[in-house]
Amino acid sequence: MESITLTADLDALARISAFVTEAAELAGLDERATWQVQLAVDEAATNVIQHAYDRDEPGDLTLTWQCEHNQFVLELRDYGRQFDPQNVPPPDISSPLEERQVGGLGLYLITRLMDEVRFDFNPQGGNVLTMIKYITPGSRDDVIVIPVIGRVDAVTAPQLTRDVHERIALGARFVLLEFNGVNFLSSSGLRALLLIRKELMTLGGELRLASLQPQVFEVFTLTGFVQVFSIHPTLEEAQHAFGQGRMHS
């Protein structure tokens with residue numbers, strides 16, 4: 001376990017970045033995972049610097065890292081104002097850019113870039129943000145793969161929604177829909193997928209789609225939903241991408 005304690009001001013960000021880069025290399029993370037960790041920690045540290053303390057009286061922040069059970073674990077601690085992530089509204093990432101409200105993107109990026117994120121607070125220990133990146137690609141074993149076959153339209157979409165909802169009720173949070181057998185997708189099907197995605201995101205999970213036939217992928221392209229859904233050409237690639245941020249083919 002190694003740690004660094006710095007005054008929580010913007011000058012600390014460069015030293016934090018160097019500390020994280022060296023730690024990620026020692027942990028064996030590849031270039032992409034290292035970049036993801038760098039960005040997540042930078043967003044978290046910036047939040048502490050800008051919101052935890054008064055600007056004229058900055059306190060300390062401590063960043064600690066260690067490797068355990070094929071996981072790269074980072075802990076960011078401060079003793080500023082209590083932070084409750086439930087008070088941060090999710091960012092608007094679907095409206096036109098000129099209509100979006102600023103805010104919430106930092107927390108959103110952290111939860112998308114890291115495999116696990118936890119917030120804790122107590123008066124003695126302060127705010128503690130734990131961020132975990134899996135070292136071994138594909139080590140996540142909680143992905144639920146659901147094959148989808150035939151048409152996804154106004155008739156069949158409600159059943160698909162019910163099927164996925166049942167899996168979520170049983171604890172599924174990372175859902176992969178295999179679309180290789182889907183030959184038709186309507187707007188009703190898209191709406192069902194949006195509802196499923198929203199439910200999973202609310203619970204801190206992810207929805208990914210894999211192996212779309214060309215005519216089905218074209219529906220996502222025509223509607224602009226390739227910018228909303230995580231779409232992958234193969235099942236294997238999709239399975240390895242959970243926790244890596246949004247990607248599409």
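Helix 2 (residues 31–52) packs against helix 3 (residues 105–113) at an angle of about 150°, and their axes lie 9 Å apart. The two helices are therefore roughly antiparallel to each other (angle over 145 degrees). This is a predicted model, in which local features need pLDDT of at least 70 and side-chain atom pairs count only at pLDDT 80 or more, while totals for chains, interfaces and linings use all residues. Residues are numbered from 1 along each chain as its sequence is written, and side-chain values use heavy atoms, with hydrogens and water left out.

**Helix 2 and helix 3**
- The crossing of helix 2 and helix 3 is left-handed.
- Contact (heavy atoms within 4.5 Å) is made by Trp 35, Gln 36, Leu 39, Ala 40, Glu 43 and Ala 44 of helix 2 and by Gly 106, Leu 109, Ile 110 and Leu 113 of helix 3.
- Seven of the residues in this contact are nonpolar, two are polar and one is charged.

**Nonpolar cores**
- A nonpolar core is a set of buried Ala, Val, Leu, Ile, Met, Phe, Trp, Tyr and Cys residues joined through side-chain atoms within 4.5 Å, where buried means under 20% relative accessible area (1.4 Å probe, protein chains only).
- The largest nonpolar core has 33 residues, of which Ile 16, Val 37, Val 41, Leu 63, Phe 72, Leu 74 and Met 131 touch the most other members.
- Helix 2 gives the largest share of this core, nine residues.
- Another core, of 26 residues, lies apart from this one and includes Ile 146, Val 164, Leu 193 and Leu 212.

**Met 131**
- Not counting residues up to four places away in sequence, Met 131 touches Ala 40, Val 41, Ala 44, Phe 72, Val 73, Leu 74, Ile 110, Met 114 and Glu 116.

Technical notes: Axes are lines fitted to C-alpha atoms, for helices over the stretch in contact, and angles run from 0 to 180 degrees between N-to-C directions. Helices (H or I, at least four residues) and strands (E, at least two) are DSSP runs, numbered from the N terminus. Angles under 35 degrees count as roughly parallel, over 145 as roughly antiparallel, 65 to 115 as roughly perpendicular and the rest as oblique. A crossing is left-handed if the near helix is turned anticlockwise from the far one by less than a right angle, and right-handed if clockwise. Ala, Val, Leu, Ile, Met, Phe, Trp, Tyr, Cys and Pro count as nonpolar, Asp, Glu, Lys and Arg as charged, and the others, Gly among them, as polar. Buried means under 20% relative accessible area, exposed over 50%, partly exposed in between (1.4 Å probe, protein chains only).
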